[in-house]
Amino acid sequence: MVTVAVVGMGTFGCRVVNELENTDADVVIIDKNRETVESYKGKVKDAYITDALNDSVLRKTLPDDLDTAVVDLGQGLAQTVGAVAVVIAVVLGAGLTLGVCLDGVADEVGDAGADLLGLPG
C-alpha cells in the first residue's frame, strides 16, 4: 500500500485526491480551508485542517509511512515557493518522492502530470 500526502487542496491537489480515490492508496490531506478538508474526510485516511506553511506542523502531520507528497498551495508564487522549501526539507529528508504544482500550472499538467505522479490516467 502506498501512502500519499496532499499538502494544499487547490485545483491540482483536489484532482490528485479524486484520482487516488479509486486506488488502494492511503491519502492524507493537509489544508487550512476547513470546508475543503471536511468535504474530503470520508474519502481519505487522514485529513488535517492546519497551516501547511508551518514547518513544525508539517513534521507532526506527515505520516511516518509516507511514500509520496504532492504540494499544491494555490495562489501566490512566493508563498508556494516558501512552502515547497519547507516540504522539501521534511519530505526529502525522509527520502520520499515529491510532486510540486505551482499556481497557474495545474490545468496544463493534465494526464502528463498524472503520469509523472504515478496516478491512473
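## Side-chain pairings and selected loop residues

A search of the whole structure finds zero aromatic pairs. Such a pair would need ring centres of Phe, Tyr or Trp (its six-membered ring) within 6.5 Å, with planes under 30 degrees apart called stacked, over 60 edge-to-face and the rest tilted.

This is a predicted model, in which local features need pLDDT of at least 70 and side-chain atom pairs count only at pLDDT 80 or more, while totals for chains, interfaces and linings use all residues. Residues are numbered from 1 along each chain as its sequence is written, and side-chain values use heavy atoms, with hydrogens and water left out.

**Charge over a ring.** Tyr-40 has the charged end of Lys-43 over its ring, 5.1 Å from the centre. The criterion is NZ of Lys or CZ of Arg within 6 Å of the ring centre and within 35 degrees of the ring normal.

**Salt bridges.** Side chains of opposite charge can pair when their charged atoms come close. A salt bridge here is a side-chain nitrogen of Lys or Arg within 4 Å of a carboxyl oxygen of Asp or Glu. The count comes to two.

| Salt bridge | Distance, N to O |
|---|---|
| Arg-34 and Glu-38 | 3.9 Å |
| Glu-38 and Lys-41 | 3.4 Å |

Shared partners join Arg-34, Glu-38 and Lys-41 into one network. Arg-34 and Glu-38 both lie in helix α2 (residues 34-40), four residues apart, about one turn of the helix. Helices (H or I, at least four residues) and strands (E, at least two) are DSSP runs, numbered from the N terminus.

Arg-34 counts as exposed because its relative accessibility is 55%. Glu-38 has 37%, so it is partly exposed. Lys-41 is also partly exposed, at 40%.

**Two loop residues.** Glu-21 lies in the loop between α1 (11-20) and β2 (26-31). Its relative accessible area is 39%, so Glu-21 is partly exposed. Glu-21 and Val-44 are 23 residues apart in sequence, yet their C-alpha atoms are 7.6 Å apart in space.

Thr-50 sits in the loop between β3 (46-49) and α3 (55-61). Is Thr-50 buried or exposed? Thr-50 is buried, because its relative accessible area is 19%. Leaving aside neighbours within four places in sequence, Thr-50 is in contact (heavy atoms within 4.5 Å) with Ile-30, Asp-31, Lys-32, Val-57 and Thr-61.

Key
Buried < 20%, exposed > 50% of the residue type's maximum accessible area, 1.4 Å probe, protein only.
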